[in-house]
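Here are some worked exercises to go through with the model open beside you. Try each task before reading its solution.

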Amino acid sequence: MRAQTGAKISRGLVYAALCLLAFVTLTPLLWLVAATTKNQDDLFHYIFFAPRVTLESYGQLWAVTPSFLRAVINSTLVCSSLVVAQLFFSSLAGFGLAKYEFPGK
């Protein structure tokens, strides 16, 4: 019974540490989203979300850069093709390392 309690406490501490790490990791993304929903006047006055949330900056982005969607599509295509190629070649290398005998294995 005592071992189960210790395991539950240990698991709880691991989950708490992982939640804290996830929060620390995602804070810059949250900050970025919060900064894009602020007015120009509120940008440096509030840390995260301002009392007046606006999507004005997204309208300006589309007005100033009409080819923004094309850039997003190009970036997505390049990144996804690189990920697929990396997965393919890593799988081949992993198979070779797992199945074949060689010096230094």
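Tyr-58 lies in helix α2, where helices (H or I, at least four residues) and strands (E, at least two) are DSSP runs, numbered from the N terminus. The model is a predicted one, in which local features need pLDDT of at least 70 and side-chain atom pairs count only at pLDDT 80 or more, while totals for chains, interfaces and linings use all residues. Residues are numbered from 1 along each chain as its sequence is written, and side-chain values use heavy atoms, with hydrogens and water left out.

**Exercise 1. The surface around Tyr-58**

Task: Decide whether Tyr-58 is buried, partly exposed or exposed, and find which residues make the nonpolar surface patch.

Solution: 
- Step 1. Start with the cut-offs: buried means under 20% relative accessible area, exposed over 50%, and partly exposed in between (1.4 Å probe, protein chains only).
- Step 2. Tyr-58 has 36% relative accessibility, so Tyr-58 counts as partly exposed.
- Step 3. Patches are made of residues with over 30% relative accessible area and no salt bridge; like charges are joined within 9 Å, and nonpolar side chains (Val, Leu, Ile, Met, Phe, Trp, Tyr) within 5 Å.
- Step 4. Leu-55, Tyr-58, Trp-62, Leu-69, Val-72, Ile-73 and Leu-77 together make a nonpolar patch of about 660 Å², with areas from the Shrake-Rupley method and a 1.4 Å probe; for residues, only the protein chains shown count as cover.
- Step 5. At least two residues of the patch come from each of α2 and α3 (68-99), and α3 gives the most, with four residues.

**Exercise 2. Aromatic pairs**

Task: State how many aromatic pairs the structure holds, then work out the geometry of the Trp-62 and Phe-68 rings.

Solution: 
- Step 1. Rings of Phe, Tyr and Trp (its six-membered ring) pair if their centres lie within 6.5 Å; planes under 30 degrees apart count as stacked, over 60 as edge-to-face and the rest as tilted.
- Step 2. The count is three aromatic pairs.
- Step 3. For Trp-62 and Phe-68, the ring centres are 5.5 Å apart and the planes stand at 90 degrees, so this pair is edge-to-face.
- Step 4. Trp-62 is partly exposed at 43% relative accessible area, and Phe-68 is partly exposed at 29%.
- Step 5. Now take Phe-88 and Phe-89: their centres are 5.2 Å apart and their planes at 70 degrees, so they too are edge-to-face.
- Step 6. Phe-88 is partly exposed at 47%, whereas Phe-89 is exposed at 54%.

**Exercise 3. The chain as a whole**

Task: Say how many helices and strands the chain has, and whether the chain is compact or spread out.

Solution: 
- Step 1. The chain has three helices and zero strands, in the order α-α-α from the N terminus.
- Step 2. The radius of gyration, taken over C-alpha atoms, is compared with the globule rule of 2.2 Å times the number of residues to the power 0.38.
- Step 3. The chain has a radius of gyration of 24 Å, well over the 13 Å from the rule for 105 residues, so the chain is more spread out than a compact globule.
- Step 4. The C-alpha trace spans about 60 × 50 × 20 Å along its principal axes, and buried residues make up 9% of the 105 residues.

How values were computed. A salt bridge is a side-chain nitrogen of Lys or Arg within 4 Å of a carboxyl oxygen of Asp or Glu.
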